[in-house]
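Subject: Structure for you to look over

Hello,

Here is the structure I promised to pass on. Please open it alongside this note. My findings follow below.

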Amino acid sequence: MTGSPDAIDSAIGLSPTDSLHALRALRPEFVSGSEDCRAAVLTPAADLGLSPALRMAVARRVAATAEMPRLLAGYPAPADPALAALAEGETPEDPALAALARHADMIARTPRAASAAHLAALQEAGYTVPQIIALSELLAYVCYQIRVVAGLSLLKGDAA
Amino acid sequence: MNDHIPQITLKPLTWTPHLPPVEIAEATPAQLEAMKVTPSAKKVSPYVRTLAHDPDSYVARTVLFNAIMYAEGGLERADRELGALGASLVNGCQYCANVHARQHARLNGTAATSALFAGRRDALNARDAAIMDFAEALTATPPCADQSHVAALRAAGMSDPEIQDLVHSIAIFGWANRLMHPLGHSD
């Protein structure tokens, strides 16, 4: 079982007495599945050389595209200055982090623009194939969460 | 209303990864275990082998994907496929759009997908139009879906538990499209 409130409850601002909370409970496999995915992309057992702090920072950068403060609060700002630039939408000085920042922005905002050249740029910046896959899953997970929260928020208060 | 739109039968596409997939002979035990779970319980495709480079996220996402698209009860399967199609068209994922248009046509006939691929949104029935409008608004960055979209879905007869299923089927393609399209090409 997952804890309550989970990341989606917190991002919506949902309390256990809300009718939307009962609505979510109708699909326990969506609730637990979303939490399992969050753990798998942010804090996996095998991190493939991508630290939890790096993962959280890039997730925060993507989360900011949602313009939803509660959702963003689920991705705390990093203490490390290099990671802070990544997390806060700036251009990091480190070339590998700068390449990751550019890729994250493209995936979050204009995924239809993606091409093989974007993956080649990540490889040139030093990312391995497993790391590129793990980062792709992380970036896309946050985009999923943004849309679950945006959609369910519309059912808050007047859910049947 | 659709009788003057030519009915389209979409041909399946083939997806090819830009990055080298996991070779079965070289797969780790964790990767082999992960590939026992596949989207829609299909075969171990090049897509599966590409994402199996990160077995933890692959398994978690695939279990969630299958729950959202195939869970018993709730929203009709065809409506989930239409939500997936709407997201895929916005995100420019040609492969996902093709797969889920064909799934929708298999379940509900070719009228809706023929209208969409012919650029004839006006020919959709009210329920399909409400689903497409919501899918597009929720897929935008940032999402711009609002109460008018929910009102249109309710007016088309959709209950809140069904709308919850639709939200998830659109959202999971906000994820899947961002893998399938950036990581490979289809023809």
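Chain A and chain B bury about 4300 Å² between them. Carbon and sulfur atoms carry 68% of that buried area. Please keep in mind that this is a predicted model.

**The interface**

The contact draws on 51 residues from chain A and 52 residues from chain B. On the chain A side, Phe30(A), Arg147(A) and Leu154(A) lose the most area to chain B. Together they make up 17% of what that side buries.

How many salt bridges are there between chain A and chain B? The count is 2. Glu137(A) forms a salt bridge with Arg61(B). The closest N and O atoms of that pair are 2.7 Å apart.

**Chain A**

Chain A has 9 helices and 0 strands. Its pattern along the sequence is α-α-α-α-α-α-α-α-α.

The C-alpha trace of chain A spans about 50 × 35 × 30 Å along its principal axes. Its radius of gyration is 16 Å. A compact globule of 160 residues would have a value near 15 Å, so chain A agrees with that expectation.

Of the 160 residues in chain A, 52% count as buried. Chain A exposes about 6500 Å², and carbon and sulfur atoms supply 58% of it. Now take the contacts in chain A with a separation of 6 or more. Residues 24 or more positions apart account for 64% of them.

**Chain B**

Chain B has 9 helices and 2 strands. From the N terminus on, the order is β-α-α-α-α-α-α-α-α-α-β.

The C-alpha trace of chain B spans about 55 × 35 × 30 Å along its principal axes. With 187 residues, a compact globule would have a radius of gyration near 16 Å. Chain B has 17 Å, which agrees.

In chain B, 56% of the 187 residues count as buried. The accessible surface of chain B comes to about 7300 Å². Carbon and sulfur atoms own 58% of that surface. Consider contacts in chain B between residues at least 6 apart in sequence. Of these, 68% join residues at least 24 apart.

**Salt bridges**

Side chains of opposite charge can pair when their charged atoms come close. Over all chains, the count comes to 14 salt bridges.

Start with Arg49(B) and Glu23(B). Their side chains meet in a salt bridge at 3.9 Å, N to O. Which parts of the chain does this pair link? Arg49(B) lies in helix 2 (residues 46–51) of chain B. Glu23(B) lies in the loop between strand 1 (15–17) and helix 1 of chain B. The two residues are 26 residues apart, so the pair links distant parts of the chain. Is Arg49(B) buried or exposed? Arg49(B) counts as buried because its relative accessibility is 18%, and the cut-off is under 20%. Glu23(B) is partly exposed, with a relative accessible area of 42%.

Next come Arg127(B) and Asp79(B). Their salt bridge is 2.7 Å, N to O. Arg127(B) belongs to helix 7 (residues 126–139) of chain B. Asp79(B) belongs to helix 4 (residues 77–91) of chain B. This pair also links distant parts of the chain, 48 residues apart. Asp79(B) is buried, with a relative accessible area of 2%.

Then look at Arg120(B), which forms a salt bridge with Asp122(B). The closest N and O atoms are 2.9 Å apart. Arg120(B) counts as partly exposed at 23% relative accessibility. Asp122(B) also counts as partly exposed, at 46%.

Salt bridges that share partners also join Asp6(A), Asp9(A) and Arg24(A) into one network.

**A surface patch**

Which residues make a nonpolar surface patch of about 230 Å²? Ile24(B), Leu32(B) and Val44(B) do. Leu32(B) is found in helix 1 (residues 29–34) of chain B. At 40% relative accessibility, Leu32(B) counts as partly exposed.

Best wishes

Methods: Residues numbered from 1 in each chain as written. Chains lettered and ligands numbered in written order. Predicted model: local features only at pLDDT ≥ 70, side-chain atom pairs only at ≥ 80, totals over all residues. Heavy atoms only, no water. Patch = residues over 30% accessible without salt bridge, like charges linked within 9 Å, V, L, I, M, F, W, Y side chains within 5 Å. Areas by Shrake-Rupley, 256 points an atom, 1.4 Å probe, with all protein chains shown as cover. Salt bridge = Lys/Arg side-chain N within 4 Å of Asp/Glu carboxyl O. Helix = DSSP H or I, 4+ residues; strand = E, 2+ residues; numbered from the N terminus. Buried < 20%, exposed > 50% of the residue type's maximum accessible area, 1.4 Å probe, protein only. Rg over C-alpha atoms; globule rule 2.2 N^0.38 Å. Contact = heavy atoms within 4.5 Å. Buried area = accessible area lost by both parts, 1.4 Å probe.
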